[in-house]
Amino acid sequence: MSALPISARLLLSYLLVAALPLGGLAAFYLASFETSLRETVLDNMSTIADKKAEQIDSHVRERLEDAQQFSHRALIRDAIAALGQTFRTAGLHAPAYRMAADRLRDTLKRTDAIDDFYDLLLMDTDGNVVFSVMQEPDLGTNLKHGPYRDTQLAKGFERAMRTRQTDLSRFALYAPSHNRPAAFLVAPVLKNGVAIGALALQLDVDKLGAVTADRTGLGRTGETVLAQKEGGDVFYTAPLRHVRNAAYRYRVPFGNAALPMQKALAGERGRGIIRDYAGIEGVAAWRYLPALGWGMVVKIDTDEALAPAAELRRATALALALFLLLSGIVAFFLGRGLSRPIRHL
């Protein structure tokens, strides 16, 4: 094989000397940009997660304060005593009961006192539901022995009466409310230090959903994943992009849940590049919501979050290739010009 001509050697030498520094500089610039972009996106996810966590905890704290204030009102104490007595002696259909219940219902609605809640219920010490604003099938039933004794309302009533503290139940589907998700704030009602019954405020899941569903800063593929732990399972409490009808219906074993959700439910907070519940890589931040006992993961798919880095990578590769091509052509003709006198000699 004949040796390469001098012009070709000059061309290869030039390209080698030009390509190595340019390639190294481009790689260093791209790596620095990707690192900076990743940190910026992670900081943004952390900010969004902190804001959502504060919004949710603030909403629940305000509702807890509402329940405590309601339980101290003379209107509620008098209503439990009067309605409980009338219910036990004459039943729901007695004129005296209906008159007292309608008067209380009108008063509550007129004062806008329960606008932040789906329903308000009153129970006597025996567990009888003696009043309900919505008048659903749980009205008139007994929470200790009746058909809804295994519901979150019954469990919240039992804890509130035992501890004498306001109790927030877990979210679960509630049959009397057309099987819609429900959680209850149950507060004991005391008179002269003695419990005469309990007040239950049923949280409006739509109002809470308006807070959790806020997509500000989450782009096209972002979402807020919420779940609570039930036994050995993770029970999702918000809609999921990749699972239909997931809210309050979709559950997986704790060990099979995405790692960020496991960490969030364990009380940890953090951020990182992770695989989500659907196995899709994303940029995420996770938090624990103590007011609800939920884990929260705020995420965006990396394809969208780090798209500027991918676009810059393509643009840099194209620019580098174009530069080397043009400079190579120039170097080729220069090399021919420089090598011609040598060949003649």
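This is a predicted model: local features need pLDDT of at least 70, side-chain atom pairs count only at pLDDT 80 or more; totals for chains, interfaces and linings use all residues.
Residues are numbered from 1 along each chain as its sequence is written, and side-chain values use heavy atoms, with hydrogens and water left out.

The largest nonpolar core has 72 residues; such a core is a set of buried Ala, Val, Leu, Ile, Met, Phe, Trp, Tyr and Cys residues joined through side-chain atoms within 4.5 Å, where buried means under 20% relative accessible area with a 1.4 Å probe, protein chains only. Leu120, Leu122 and Met123 touch the most other members of this core. Helix α1 (residues 6-71) supplies its largest share, eleven residues (helices are DSSP runs of H or I with at least four residues, strands runs of E with at least two, numbered from the N terminus). Apart from this core lies another, of 17 residues, including Val225, Val243, Ile274 and Val297.

On a 1 Å grid over the protein atoms alone, a cavity is a set of points where a 1.4 Å probe fits but cannot get out, whereas a pocket is an open set with protein on both sides within 12 Å along at least five of seven lines; lining residues have an atom within 4 Å of a point. One cavity of 30 Å³ or more is found in the whole structure, and the largest cavity holds about 70 Å³. Two or more lining residues come from each of α6 (259-265), β11 (270-275) and β13 (294-301).

The largest pocket holds about 410 Å³ of space. Its lining has 24 residues, of which Gly209, Thr212, Ala213, Ala238 and Pro239 are the closest to its centre. α5 gives the most to this lining, five residues, and β8 supplies at least two.

Thr221 lies in the loop between α5 (205-212) and β8 (223-230). Is Thr221 buried or exposed? Thr221 counts as buried because its relative accessibility is 4%. Its side chain makes a polar contact with the side chain of Glu304 at 2.6 Å (a pair of N or O atoms within 3.5 Å; within protein, one must be able to donate a hydrogen and the other to accept it, and residues adjacent in sequence count only if both atoms are side-chain atoms). The side chain of Thr221 also reaches the backbone nitrogen of Asp301 at 3.2 Å.

Conventions: Buried means under 20% relative accessible area, exposed over 50%, partly exposed in between (1.4 Å probe, protein chains only). Grid points are joined across faces, edges and corners, and a volume is the space filled by probe spheres set on the points.
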